[in-house]
Every structure is written in C-alpha cells, then in structure tokens.
Amino acid sequence: IAMTAVILTVAFKLYPVFYENWQIENIIDSFADEADLEEINTGQVQSRFASRLITNNIRNFDLEENIFISLDEGLLVIETDYEVRLPIYRNIDAVVKFKKLLETKAK
C-alpha cells in the first residue's frame with residue numbers, strides 16, 4: 001500500500017507539468033500553420049506566443065529565458081529548452097526537462 005501511495009503521489013504531482021508541456025508543444029506546432037510568416041517579425045511571434053500561453057492558462061512559463069525565436073527570410077525557428085523542479089516530499093525534488101524545436105517555412 002505504501003508503494004502505491006508513493007507512485008500515485010509522484011504521478012499526481014508530475015501530471016500538471018507534463019500537461020503544460022503538452023500545451024506548450026501544441027502552441028509551438030500551431031505556428032507551422034500560420035499563413036503570414038513573411039509579413040511579421042520576431043516580436044510579433046513572441047507576442048502571439050504569449051497570448052496563446054495566457055489563453056491556455058499557462059502562467060509560469062518565462063518567455064525571456066525559455067524560448068528562442070528566429071525569423072529569417074521566411075524560415076521560422078522556435079526552440080524551447082527548460083526544466084521544472086517540483087518538491088515531492090521534504091527534501092526530495094523531481095526535475096523534469098523539456099525541449100522542443102520547430103522549423104517551418106512561410107507558405
């Protein structure tokens with residue numbers, strides 16, 4: 001019973017982190033379908049990304065530190081590389097790292 005309790009505790013604490021990452025990956029993938037990539041700049045891409053984070057209720061994602069956006073001659077590159085540290089029990093923490101890269105050409 002104790003082992004089941006430990007596994008369930010870890011699973012319930014880690015699920016929100018993986019769910020937020022799944023939403024962030026969906027936001028990144030949504031830029032592959034953008035039609036006006038040739039007409040916008042990196043600031044506008046970052047602004048759209050930030051508004052989509054708010055729409056999906058993701059509040060703890062630091063855009064300045066965790067995302068790299070490059071837009072050069074119609075090639076959009078969005079790369080995220082971040083980690084989340086969660087306290088599990090007293091001095092035991094879980095560290096989860098996420099990385100995602102999108103390269104898409106303007107249509």
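Mentor: Two strands pair if DSSP finds at least two bridges between them. Strands (E, at least two residues) and helices (H or I, at least four) are DSSP runs, numbered from the N terminus. You are looking at a predicted model, where local features need pLDDT of at least 70, side-chain atom pairs count only at pLDDT 80 or more, and totals for chains, interfaces and linings use all residues. Residues are numbered from 1 along each chain as its sequence is written, and side-chain values use heavy atoms, with hydrogens and water left out.

Trainee: What makes S2 and S3 a pair of strands?

Mentor: Pairing needs at least two bridges. S2 and strand S3 (residues 92–105) run antiparallel and are joined by 14 bridges, so they pair. Within this pair, Leu86 stands opposite Ala94 in S3.

Trainee: And how do you know that S1 is paired with S2?

Mentor: By the same test, strand S1 (residues 67–72) and strand S2 (residues 75–89) pair, because 6 bridges join them. They run antiparallel too. Ser70, for instance, has Val77 in S2 as its bridge partner.

Trainee: Which residues take a positive phi in the two hairpins?

Mentor: In the hairpin of S1 and S2, with 2 residues between the strands, Glu73 has a positive phi near 55°. The hairpin of S2 and S3 also has 2 residues between its strands, and there Arg90 takes a positive phi near 50°.

Trainee: Why is the contact of Lys100 with Asp29 called a salt bridge?

Mentor: The term asks for a side-chain nitrogen of Lys or Arg within 4 Å of a carboxyl oxygen of Asp or Glu. Lys100 and Asp29 have N and O at 3.1 Å, so they qualify. Lys100 lies in strand S3 and Asp29 in helix H1 (residues 2–30), so the pair ties together parts that are 71 residues apart in sequence.

Trainee: What makes Glu34, Arg48 and Arg52 one network?

Mentor: Arg48 meets Glu34 at 2.7 Å, N to O. Arg48 is in helix H2 (residues 42–55) and Glu34 in the loop between H1 and H2, 14 residues apart. Arg52 also forms a salt bridge with Glu34, with the closest N and O atoms 2.4 Å apart. These salt bridges share partners and join Glu34, Arg48 and Arg52 into one network.

Trainee: Is Glu34 buried or exposed, and how do you know?

Mentor: Buried means under 20% relative accessible area, exposed over 50%, and partly exposed in between (1.4 Å probe, protein chains only). Glu34 has 13%, so it is buried. Arg48 at 24% is partly exposed, and so is Arg52 at 22%.

Trainee: Where does Lys97 fall on that scale?

Mentor: Lys97, which lies in strand S3, has a relative accessible area of 65%, so it counts as exposed. Contact means heavy atoms within 4.5 Å. Leaving out residues up to four places away in sequence, Lys97 touches Tyr82 and Glu83.

Trainee: Which residues in H1 are buried?

Mentor: Among them are Leu14, Asn21 and Ile28. The buried residues of H1 pack against H2, S2 and S3.
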